[in-house]
Amino acid sequence: MKIRKATAQDLSRIAEILVFVKRIKFRPIFKNDAYSFGELQVLSVAKEYGDPVILNHIWVYDDGIVKGMIRVEEEEIRELYVDYFFQNQRIGAELIKFAKNRFSVRFLWAIEKNIDAIRFYERHGFYKTDIRKLEEGTTEYLVKLVC
């Protein structure tokens, strides 16, 4: 199987994926360069995700190269990111399928303005609810999707 539990050796790659994809997808929404290019750095993200409380919930898609990651806690997909260069190769679909089968995930939260992500999740069995909440420290809303 190409999906495996993440290890400490994966942290720099996970952080690289997170930083790059968040800059591409979230900078146009949040318009916060201080965060995107100041706080959001590979080293600090790798350190944060090295916390066993976080790392123990991460799985990676690895076919010789770690191309994506999913973080699942109980019935929630907390994060799903695929390296920008490997998107549209069914990696995200495989990670969702894995999470549904292994953890019986039932919901996730997505940034309401991240239309690409919402469409992706809808193609994979989730549907948008009317439940919204503010993303902490911002003026943007998250929307709950359930399956």
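**Ground rules**

Numbering starts from 1 along each chain as its sequence is written, and side-chain values use heavy atoms, with hydrogens and water left out. Because the model is predicted, local features need pLDDT of at least 70 and side-chain atom pairs count only at pLDDT 80 or more, while totals for chains, interfaces and linings use all residues.

**Entry 1: strands**

I took helices and strands as DSSP runs, numbered from the N terminus (helices: H or I, at least four residues; strands: E, at least two). Two strands pair if DSSP finds at least two bridges between them.

I began with strand β2, residues 58–62. Strand β1 (residues 3–5) runs antiparallel to β2, with three bridges. Ile3 has Tyr61 as its bridge partner in β2. β2 and β3 are also antiparallel, joined by five bridges. There I found Val60 partnered with Met69 of β3. The two strands make a hairpin with three residues between them, and Gly64 in the turn has a positive phi of about 110°.

How enclosed is β2? I used buried for under 20% relative accessible area, exposed for over 50%, and partly exposed for in between (1.4 Å probe, protein chains only). Four of the five β2 residues are buried, so the strand is largely enclosed by the rest of the structure.

Next I looked at β6 and β7 (residues 141–146), an antiparallel pair with five bridges. Leu134 has Tyr141 as its bridge partner in β7. This hairpin has six residues between its strands, and Gly137 in the turn shows a positive phi of about 80°.

**Entry 2: salt bridges**

My rule was a side-chain nitrogen of Lys or Arg within 4 Å of a carboxyl oxygen of Asp or Glu. The count by this rule is 14. Side chains of opposite charge can pair when their charged atoms come close.

Glu79 bridges to Arg71, with the closest N and O atoms 3.1 Å apart. Both Glu79 and Arg71 are buried. Glu76 bridges to Arg78 at 3.9 Å between the closest N and O atoms. Glu76 is buried at 16% relative accessible area, whereas Arg78 is partly exposed at 39%. I then found a salt-bridge network linking Arg71, Glu73, Glu76, Arg78 and Glu79.

Glu75 meets Arg106 in another salt bridge, 3.9 Å from N to O. This pair links distant parts of the chain, 31 residues apart: Glu75 lies in the loop between β3 (66–73) and β4, and Arg106 in the loop between α5 (91–103) and β5 (107–111). Glu75 is partly exposed, at 37%.

**Entry 3: single residues**

For contacts I counted heavy atoms within 4.5 Å.

Leu80 sits in strand β4, residues 76–82. Is Leu80 buried or exposed? It counts as buried, at 12% relative accessibility. Beyond four places in sequence, its contacts include Met69, Leu95 and Phe120. Leu80 and Leu18 are 62 residues apart in sequence, yet 9.2 Å apart C-alpha to C-alpha.

His124 is in the loop between α6 (115–123) and β6 (127–134). I found His124 buried, at 18% relative accessible area. Setting aside neighbours within four places, His124 touches Arg90, Ala93, Ile96 and Lys100.

Ile24 is in helix α1, residues 11–30. Ile24 is partly exposed, at 32%.
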